[in-house]
Amino acid sequence: MVARLQRRAAMGRRLQVLRTLTCSKSVQRKSVIMEALLYIYKLKLKLEAIKRELANLVAIKREYLSLMKQLPLPKKEVKVEKAEQGLLVRVTCEKGGDKLVSILEVFEEMGLVILNARVSSNLYFAMEAIVVADQEQHALHVKSITQAVTKAIERQ
């Protein structure tokens, strides 16, 4: 008798959990179970839709990467222009090696301080930095900075 009551109470708790999961307002056991099965079926459909969308996105990514590999890589290019707060240094070249380290070492040797910089190396190395002279003794010469950065890139 006690065991039967315990089983019945356990079944009631399980049905209550199913009701809360499926947002069911039904009291009958059969209806709650049917709504739970319907809920599971809808979840499976949503999961399949998400898997299809993921497969589409992966295919798009593969196509994008293959197209990006076909693009010609930029030649070594170093541009130095005067900006409001100093000089704007733009570098693009093929990636590989320690190009960033070499460029930063050149800036340090020349007594330049980097105020702001952006670096990217997805398909090729690209850097854009605003530099100023560390002290007034160091003059900012566009040509000398361009030559030094070009040599740093070629060392790699």
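This is a predicted model: local features need pLDDT of at least 70, side-chain atom pairs count only at pLDDT 80 or more; totals for chains, interfaces and linings use all residues.
The crossing of H1 past H2 is left-handed.

Which residues bring the two helices together? On the H1 side they are Met-11, Leu-15, Leu-18, Arg-19, Leu-21 and Thr-22. Their partners in H2 are Arg-29, Val-32, Ile-33, Glu-35, Ala-36 and Tyr-39. Sorted by class, this contact holds 8 nonpolar residues, 1 polar residue and 3 charged residues.

## A hairpin of two strands

Now let us turn to the strands. Strand E3 spans residues 112-120 and pairs with E4 in the antiparallel sense, over 8 bridges. The two are joined by a hairpin that runs through 4 residues. To find your way along the pair, look for Val-113, which stands opposite Val-132 in E4.

## A look at Ile-130

Ile-130 sits in strand E4, which is made of residues 125-133. With a relative accessible area of 22%, Ile-130 is partly exposed, because buried means under 20%.

What does Ile-130 touch, leaving aside residues up to four places away in sequence? Its contacts are Gln-85, Leu-87, Leu-88, Val-113, Ile-114, Leu-115 and Asn-116. One of these, Leu-87, is 43 residues from Ile-130 in sequence, while the two C-alpha atoms are 5.5 Å apart in space. Another of these contacts, Val-113, is the residue that stands opposite Val-132 in E4.

Definitions and conventions: Residues are numbered from 1 along each chain as its sequence is written. Side-chain values use heavy atoms; hydrogens and water are left out. A crossing is left-handed if the near helix is turned anticlockwise from the far one by less than a right angle, and right-handed if clockwise. Contact means heavy atoms within 4.5 Å. Ala, Val, Leu, Ile, Met, Phe, Trp, Tyr, Cys and Pro count as nonpolar, Asp, Glu, Lys and Arg as charged, and the others, Gly among them, as polar. Buried means under 20% relative accessible area, exposed over 50%, partly exposed in between (1.4 Å probe, protein chains only). Two strands pair if DSSP finds at least two bridges between them.
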